[in-house]
Amino acid sequence: MARDLRLTWSALQVVESAPMKLNLARAGELLATTTSDPHLIVHATNVRGCMEAFARHFGQPPEEVEHWGAVGYLHDYDYERFPEEHLEHTEAELLAEGVDAADVRAILSHGWGICNDVTPETDLEKSLFCADELSGLVWAAALMRPTGISDLEPKSVVKKFKDKKFAAGCNRDVIRKGAELVGLDLPAAIAVCIDGMKPYAAETGLLPKT
Ligand SMILES: [Fe+2]
Ligand SMILES: [Fe+2]
């Protein structure tokens, strides 16, 4: 009997310390330990929304929609502390926090060709690479409209994409590469991001202004 109890206890310990697939609550807790800049929180929310929409686009079940959103929310975990060494302070810390290695790899892969050489391979990773840069352009395009993101059309964002002076910080080559990775043309990738970002308009400053 005593032996059975010991076995049960050690089995529980194994379960408790096993790496955990990210969920939104955990992603929120972890990001809160490193990040307080409101702009970075807005960006995290935008990428979360886009990732949820990409998960739906790729036919994922509801629990995976949350999972993809959580990875999106946490993707810039080390940026506020280490803007010059972005993604160099992510892997060891998140693994030590018990985040699943696949989720850590996904987060690292959004820096492909920018901060590292971790190639996006899965649909989740490719979506994160696409969402990171494209969400910035969609957000900037929606922000300047009186109606916010409520009636934003992909073609308006494409127009802004072509205007190199608009949101010049959004790298057009990276955006093009991201759309290509997820197998969509630019208007279709933009439509996914608009769809994903709409539910979070109140948190991201994109509600109609009147
Ligand atoms: Fe990043
Ligand atoms: Fe980012």
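The largest nonpolar core of this predicted model comprises 52 residues, and those with the most contacts inside it are V71, L74, V138 and C193. A nonpolar core here is a set of buried Ala, Val, Leu, Ile, Met, Phe, Trp, Tyr and Cys residues joined through C-beta atoms within 7 Å. A residue counts as buried if 20 or more other C-beta atoms lie within 10 Å of its own, as exposed if 12 or fewer do, and as partly exposed in between, with C-beta atoms placed from the backbone. Two or more residues are given to this core by each of α2 (24-32), α3, α4 (62-74), α6 (101-109), α7 (123-143), α8 (154-162), α9 (172-181) and α10 (186-197). The most comes from α7, with 11 residues. Helices are DSSP runs (H or I, at least four residues), numbered from the N terminus.

Residues are numbered from 1 along each chain as its sequence is written. Because the model is predicted, local features need pLDDT of at least 70 and side-chain atom pairs count only at pLDDT 80 or more, while totals for chains, interfaces and linings use all residues.

Helix α3 covers residues 38-57; at 1.5 Å a residue its 20 residues should span 28 Å, and its end C-alpha atoms are 29 Å apart, which agrees. The expected span is 1.5 Å times one less than the number of residues. After α3 comes G59, with a positive phi near 75°.

F54 lies in α3 and is buried, with 28 other C-beta atoms within 10 Å. Its C-alpha atom is separated by 6.5 Å from that of V192, 138 residues apart along the chain.

The axes of α3 and α10 come within 7 Å and cross at roughly 115°, as lines fitted to C-alpha atoms over the stretch in contact, with angles running from 0 to 180 degrees between N-to-C directions. The contact is made by N46, G49, C50, E52, A53, F54 and H57 of α3 and by V192, C193, D195, G196 and M197 of α10.

In α8, P154, V157 and F161 are buried. Seen down the axis of α8, the buried residues fall within an arc of 60°, so they line one face of the helix; the arc is that of the directions from the helix axis to the C-beta atoms. These buried residues pack against α7, α9 and α10. The face turned away from the buried side of α8 carries the exposed residues K155, K159 and K162.

Technical notes. Chains lettered and ligands numbered in written order. Contact = placed C-beta atoms within 7 Å.
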